[in-house]
Amino acid sequence: MSQPINGTRPKKKIADKILWQIGGSVIFVLLLIAVVAVCMVGWLSITSKETELIQESNAAANQLTGFLEQYTKSVEQMAVNPEVKSVLLETKPGSTMGQAEKIDTVMENLSGIANTDTENVMAAWISDLDTSSLMQSDGFVSDENWDITGRGWYGCIETKKTVLTEPYVDSSTGKMILSAACPVIDDATGDVLGAVGMDIALDHMTQIMSGYKIGKKGYMLLLSENGTFLYHPQSDIIQKNVTEVNISRNVADAIASKTDIFLQYKADGIIKYGSLQRAGDTGYIVLSSMPMSEYYATLAVMVIALILIFAIGIILIAVSIRKSAASLAKPILELNHTAQRLAAGDLDVTIQITSEDEIGELGESFQKTVNRLKEYIAYIDETAEVLAQIADGKLSIHLKYDYVGEFQKIKTALLNISDSMNQVMLGINDSSGRVSVGAAELATASQILAEGAEQQAASIAQLAATTHTVTDQVENSRREAEASAKATAQAADMIEQNQVKMKQMMDAMNEIHQTSQQVVGIIQTIEEIASQTNLLSLNASIEAARAGEAGRGFAVVADEIGKLALESSKAANTTKELIEVSMEEIGKGNTIAAGAMNSLKESVSAVNHVNKMIQKTAENAAVQAENMRQLRTGIEEISHGIQDNSAASQETSATSEELASQAEILNKMVQKFELCE
C-alpha cells in the first residue's frame, strides 16, 4: 500500500476501481471458464489416448489370438484323426511307431499340413506315450534316450487339453518357435495315447507386433505367459524376462495377476503408458507402449492454445473497460477540480458539463450551490467581524443583517455565545479568588505532610536495617543447626557400622566355639582309638607270650604300640583340657561382646534421637528465617510506600503553589473582558 504524501491520502482513480471491480469479476469468470475448459479438454485428451492404447492392444491381441487359434484347431483336428489313433494304439512298449500299419498315411498327412504353411509351420509331429518316442514331418525320429516328459508340451497329456508352449530356440534352425500340442485320447477307455502338434515360428507374430505403430513413438510389445519378451524394438531385450530389464515392478505384477489392465510404468527411466491385454486363452500377452511426452502432447498443445486465447480475451476486456471507465470519470474529475476551488474559498467558478445523465444533473446542482454561496458572503463577513470582537474581549455584540435559512441558526448561536461567555467570565472571576485562597492553604498542609512522611521514612529505614541484621543471625543459626544435624547423622552411621562389625566378630567367635566342640569330639574319638589300641597291644602281648620264643619280636612291637597308644591318650587329654579352657574364654568374650552390642544399640538410639531433635531445630530455624525474610520484605515495601507518599506530598505542595500562581494569572486574564453586570 502506498503511503500518504504531505499528510494526504493517496488518490484512487475511479477508472482503476471500475477496472478492478467490474474487470476483476469478468476476468475471474473467464479464468474459471478457462480452468474448467482446460480440465475438460485434458480429461477428453487423456481419455482418448487411453482408449487408443486399449483399442490398439485389443486389436493386436485379437490378431494374435486369431493367428494362434488356426494352429490349435489344426492340432485338435489331427488328434481326432482315426489313422493317428490307430498308429498310437498299435505302438506298444518294445515296438516303434514306424512298425505301425498306417504310419505312412499319418506321415503323409503331417507333411501335407506342414507344406500348406511353410512360412510359419516348421514341422508337424506325432508322439507316443507308451514308448516315449516322436516322429516329425521333416523326417526326424527320436532316439531311445528321448524323454516325452521333458518336453514343454507334455502338459497337454497331463491336463488333456490343447496347449501352446513357451517359445524356445529351435536347435536345427536357430529360430524362435513355439509348439501347439493336443492330446490323443482313446475313445474306448478315455486314456491318453500320446500327442500331436506343430512347431510354429514366431517370425509372423513378431511381424504382427512390429507392424503396429502408435502415434509417433509408440509401439507394441509381445510377452509370453511368464513375462519373457518375444518382441521388443530393442533386440537385446528379446528373450529376457521383465524382471531382468530396467522396467518398473507394476508390469510384472500385472502379468502375474493375469488380468487386462491399463497402467503407467517406467522403462529405462522414461515414464510410459500402455494397456496390457491377453491374447485369448493362448497365454500370450501384448503391451502397448507410449512415452509420457507423446501421451500428454495433445493436451499440452490444447492447454497452451486455450491459455493464449483466454489471455488475449482478458487483455481486450481490460483495455475496453479501462477506456470506458476513463470516459465516464472525465466529468467527475472536472467536478472534483471545482470542488477543490470551492474548498480553497474561490467562489468565482463556472461549471460546464454537457452530460445528459446523472453526472450532468450533479454539475447543475454544483452550480446552484455556488450561486447560493455567493449570496452568503455578506453573512460570512459580518460573522467574522463579530467573532473578531469576541476575540478582543468585547462580549456585547450587535448583528445588522436578517439571516435567512440555515444562517438564522448562526445568528442565534452567536447571540447565545455572547450571553453564555459573559456569564462564564463572571463566574470564573468570582471563583478564581476562592481558588487562590484554597491553593495557599493546600500548599501549607502538603508541606507539613511531606515533612512527616520524611520522618516516617527514616524510622522505617532504621527498622529495616535492624530486621536485616536479625535475619542474618537467624540464617546463620539455621546453617549451624543443619551442620550439627549432618555431623550427628554421620556419627550415627559410624556407630551402626561398628555395631555391624561387632556382630560379625560375635558370629566368628560362635563359629570358633562350634569348631572347638567338633575338635573335642575328634579328641574323644582319638581317646577311644587309643584305648582300643592299648587293648589290642595287651592282647598281642598275651598272644606273643603264648607263642614263646617265636612271638618275642611281635611282643616288642605290641609293647611299642601300647606305649604309643598311652602317649596318644595323654596328648589327647592335654589338648582337651586346653580346648576347654579356650572355650571358657570364648564364652566370656561372647558375654562381653553381647554387652558391647547392647551398649552400641543404646548409643545408636540415643544419637538418632539427638539427630531428630537437631533436625527439628534446623527446620524451625529455616521457618524462622523465612518469616524474617518475609518481614524484611514487608518493611521494605512499607518503606518504599512511605517514600512514595513523601514524594507525592512534595509534588502536591509544589502543585498547590503552582495552582495559586495560575489562579492569579487567570484573575488577570478575566479582567481583560468587558463584562456586563
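## Basis of the model

Because the model is predicted, local features need pLDDT of at least 70 and side-chain atom pairs count only at pLDDT 80 or more, while totals for chains, interfaces and linings use all residues. Residues are numbered from 1 along each chain as its sequence is written, and side-chain values use heavy atoms, with hydrogens and water left out.

Strand S6 covers residues 192-201. Strands (E, at least two residues) and helices (H or I, at least four) are DSSP runs, numbered from the N terminus. Ten of the ten residues in S6 are buried, where buried means under 20% relative accessible area, exposed over 50%, and partly exposed in between (1.4 Å probe, protein chains only).

S6 pairs with strand S1 (residues 121-128) in the antiparallel sense over seven bridges; two strands pair if DSSP finds at least two bridges between them. In this pairing, Trp125 stands opposite Gly197. Strand S5 (residues 176-185) also runs antiparallel to S6, joined by nine bridges, and Leu178 has Ile200 in S6 as its bridge partner. S5 and S6 form a hairpin with six residues between them. Gly190, in the turn, has a positive phi of about 80 degrees.

## A nonpolar patch

Phe28, Val29, Leu32, Ile33, Val36 and Met40 make a nonpolar surface patch of about 570 Å². Patches are made of residues with over 30% relative accessible area and no salt bridge; like charges are joined within 9 Å, and nonpolar side chains (Val, Leu, Ile, Met, Phe, Trp, Tyr) within 5 Å. Accessible areas come from the Shrake-Rupley method with a 1.4 Å probe, and for residues, only the protein chains shown count as cover. Met40 is placed in helix H1 (residues 14-79).

## Salt bridges

The structure holds four salt bridges, each a side-chain nitrogen of Lys or Arg within 4 Å of a carboxyl oxygen of Asp or Glu. One of them joins Lys49 and Glu52 (4.0 Å, N to O). These two residues are three apart in helix H1, so about one helical turn separates them. Lys49 is buried at 13% relative accessibility, whereas Glu52 is partly exposed at 27%.

Another joins Lys175 and Asp203 (3.8 Å, N to O). Lys175 lies in the loop between strand S4 (168-169) and S5, and Asp203 in helix H5 (residues 203-210), so the pair ties together parts 28 residues apart in sequence. Lys175 is partly exposed at 35%, as is Asp203 at 31%.
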